[in-house]
Amino acid sequence: MTDSLISAARGAQARAYAPYSKFHVGAALESPDGAVFLGCNVENASYGLTICAERAAVCAAVSAGVTRFRRAVVVSDVDPPAAPCGACRQVLAEFGLGLEIDGVGSKATVRWRLSDLLPAAFGPEQLR
Ligand code: THU
């Protein structure tokens, strides 16, 4: 599948800082009015401090004042496509379990709904 959001995520993937795993990930989040926010994974010599592409994209969006998303794309080079890790699922869930996420590998594309990736989610409503 090729579309502009995937192309944007590929651009972010090319900027991944992943000298340890060499696993390059790009993420793109699209707001309801079409604004696009990008992230790539940023690894660290202290491995546990690594930031995933999806969370980097969330931080870019929130820093720009955007907290609503209609679509997400996560690109890597593996098939079947890599799905967001558990931590990223939780962080994305903060902004809506209805999010559609396209996972894109080198060949295949898979579409998930976040609510299917994170059933029985803990969310903001639990704190009200
Ligand atoms: N990674 C992501 O960026 N997103 C995910 O959802 C899964 C994993 C990154 C973290 C690390 O830099 C590399 O992929 C290998 O785990």
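Visitor: How far does a polar side-chain atom of E43 lie from an oxygen atom of the ligand?
Guide: The model shown here is predicted. A pair of N or O atoms counts as a polar contact if the two lie within 3.5 Å of each other. For the polar side-chain atom of E43 and the ligand oxygen, the distance is 2.5 Å.

Visitor: Which residue places a backbone N or O atom 2.9 Å from an oxygen atom of the ligand?
Guide: N41 also has an atom 2.9 Å from a ligand oxygen, but that atom is a polar one of its side chain. The backbone N or O atom at 2.9 Å belongs to C85.

Visitor: What share of the ligand's accessible area does the protein cover?
Guide: On its own, the ligand has 370 Å² of accessible area. Of this area, the protein covers 78%.

Visitor: How many nonpolar residues does the shell around the ligand have?
Guide: The residues that surround the ligand include F23, V25, A53, P84 and C85, together with S21, N41 and E43. Sorted by class, three residues of the shell are polar and two are charged. The number of nonpolar residues is seven.

Visitor: How much space lies in the largest cavity?
Guide: Rolling a probe the size of a water molecule over the atoms shows where empty space is left. A search of the whole structure finds one cavity of 30 Å³ or more. The space in the largest cavity is about 40 Å³.

Visitor: Which elements give two or more residues to the lining of the largest cavity?
Guide: The lining includes A27, A28 and L29, as well as E54, A57, A72, V73 and V74. By class, this lining has nine nonpolar residues, no polar ones and one charged residue. The elements that give two or more residues are β1 (26-30), α2 (53-63) and β3 (71-75).

Visitor: Why do the rings of Y20 and Y47 receive the class they have?
Guide: The structure has two aromatic pairs. Planes under 30 degrees apart count as stacked and those over 60 as edge-to-face. The centres of the Y20 and Y47 rings are 5.4 Å apart and their planes stand at 40°, so the pair is tilted.

Visitor: What is the phi of K22?
Guide: K22 lies in the loop between α1 and β1. K22 is not a glycine, although its phi is positive, at about 60°.

Technical notes:
Residues numbered from 1 in each chain as written. Predicted model: local features only at pLDDT ≥ 70, side-chain atom pairs only at ≥ 80, totals over all residues. Heavy atoms only, no water. Near = heavy atom within 4 Å. Polar contact = N/O pair within 3.5 Å; in protein donor to acceptor, adjacent residues only side chain to side chain. Areas by Shrake-Rupley, 256 points an atom, 1.4 Å probe, with all protein chains shown as cover. Nonpolar A, V, L, I, M, F, W, Y, C, P; charged D, E, K, R; others polar. 1 Å grid on protein atoms, 1.4 Å probe; cavity = no way out; pocket = protein on both sides within 12 Å on 5 of 7 lines; lining within 4 Å. Points joined across faces, edges and corners; volume = space filled by probe spheres on them. Helix = DSSP H or I, 4+ residues; strand = E, 2+ residues; numbered from the N terminus. Phe/Tyr/Trp six-rings, centres within 6.5 Å; stacked < 30°, edge-to-face > 60°.
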